Amino acid sequence: MEESNQFLEENAITYDTEADEKVIPEDVVYIYSGNAMNMEEVFQFSCLETVEPVIVAGEQGSGKTTLEVMMYRLFQEGKNELLMFAGSTTMKGFRERSGGLMKKTGSAEPMVARTLRAEKKFLHLALCDGERKRQHLLFADYAGELFDERECLNELGEIFAGASNVVVTLDGEKLCDYKEKKKIILHAKVMLVEMQKAGILSKQTHLYIVCTKYDKIKNSDKKDAIIKFVNDKYQSLKESFAPNVGKMDLCYLYAYGIAEKEEREKMEELLLNFMKETSVYKGYKQDKIEMRGDRAEMSDFPLYLNTVAGG
C-alpha cells in the first residue's frame, strides 16, 4: 500500500481545477497528498466521512507520536489479529514519522521522529472490526509543549468539545526516576484540569491514562514499587476526574513491542475501545458549509465531527 501511494506521488499529474478552465471536474479524481492533515483538511475530510477524533496529550517526549505511529505499524507489519486495516489518507505522514524504525538507519534503538514545536497535525487511520464496519480514527499529533498553552487547549476545546476519546501519556522512563516521577503526575493533573476547563473532557469522554515505555519499568529492579506508585497516583487522579468523564482507564504500554503478543493485544484493545466510543454532537449547520463536488469550503468554525442526523 505504501508503495502504491509513493507511485502516485511520483507519477500522478495534478491539476488546479479552479485555475485550469480546460479541466472538467467530473474527470478529476481527488487524491490526498498523504501528508499529515492540518485543521482545514480535517474539516474538509469530515464533510465526506464520519470521523472519530482521538486527542493524544502529554508532555514532550512522553511517547504520543510513537503510540500513534506504532498503531499504524501494527497493521503494516501484519501483527493485527482482531482488526483490519481499511486505509489511511496520511500514509506519507506516518512514513515520515517512522523512518527511524528501519534497521538500515543503524540506530541502536528504534526511534520515531519528534513532533516539531508548535506543529498541529492529524494522522488518519481507517479500520474495520469483525463485522466489517469501517471507522475513521483521527489522531491529534500535537507537539507536547502546546498542551501547556491555554490558547491551544481552548482551540481544541472549541473544535473537539467533549471528545469521546482522550489519551494522556505518562513517560514510563521518567517514572523510574525518583526525582522525576512526582513531576510527571503533577504535570498530568494540571493538564487534565486545564483540559476540563477548555471543554475537552465531558461526560461522554473515555479518558485513558497511558503509561508509556513500559519496557523501562519492567526491566527496572524497582518494578513493583514503580507500579504501586503509578496505581496509587492513578486512583488519586480518578477521584478528581472520574466524576466528570464517562469512563476512565489506566494502561501500561510498550508501543515498540508489537512483536510481543501481550503488547499488540493491548494495542488492539485500545483501538477497539476508540472505535466503540462515539461522540454525540449537535451537528454542523449546513449553511456554514458550501459543498463543491466532493470538496467542502470552510466558512466558519467550530468543527463538529460524528454528527447526528437531525440533531
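**Salt bridges and the sheet in a predicted model**

Let me begin with Lys218, which at 29% relative accessibility counts as partly exposed, where buried means under 20% relative accessible area, exposed over 50%, and partly exposed in between, with a 1.4 Å probe and protein chains only. This is a predicted model, in which local features need pLDDT of at least 70 and side-chain atom pairs count only at pLDDT 80 or more, while totals for chains, interfaces and linings use all residues. Residues are numbered from 1 along each chain as its sequence is written, and side-chain values use heavy atoms, with hydrogens and water left out.

The side chain of Lys218 meets that of Glu260 in a salt bridge at 3.7 Å, N to O, the term standing for a side-chain nitrogen of Lys or Arg within 4 Å of a carboxyl oxygen of Asp or Glu. This pair links distant parts of the chain, 42 residues apart, with Lys218 in helix 8 and Glu260 in the loop between strand 7 and helix 10; helices (H or I, at least four residues) and strands (E, at least two) are DSSP runs, numbered from the N terminus. Glu260, at 34% relative accessibility, is likewise partly exposed.

In helix 10, Glu263 and Lys266 are 3 residues apart and therefore separated by about one helical turn, and their closest N and O atoms, in a salt bridge, are 3.1 Å apart. Glu263 is buried, with a relative accessible area of 0%, and Lys266 is buried at 17%.

Turning to the sheet, 7 strands form an open sheet with mixed pairing, in the order 2-3-4-1-5-6-7, where two strands pair if DSSP finds at least two bridges between them.
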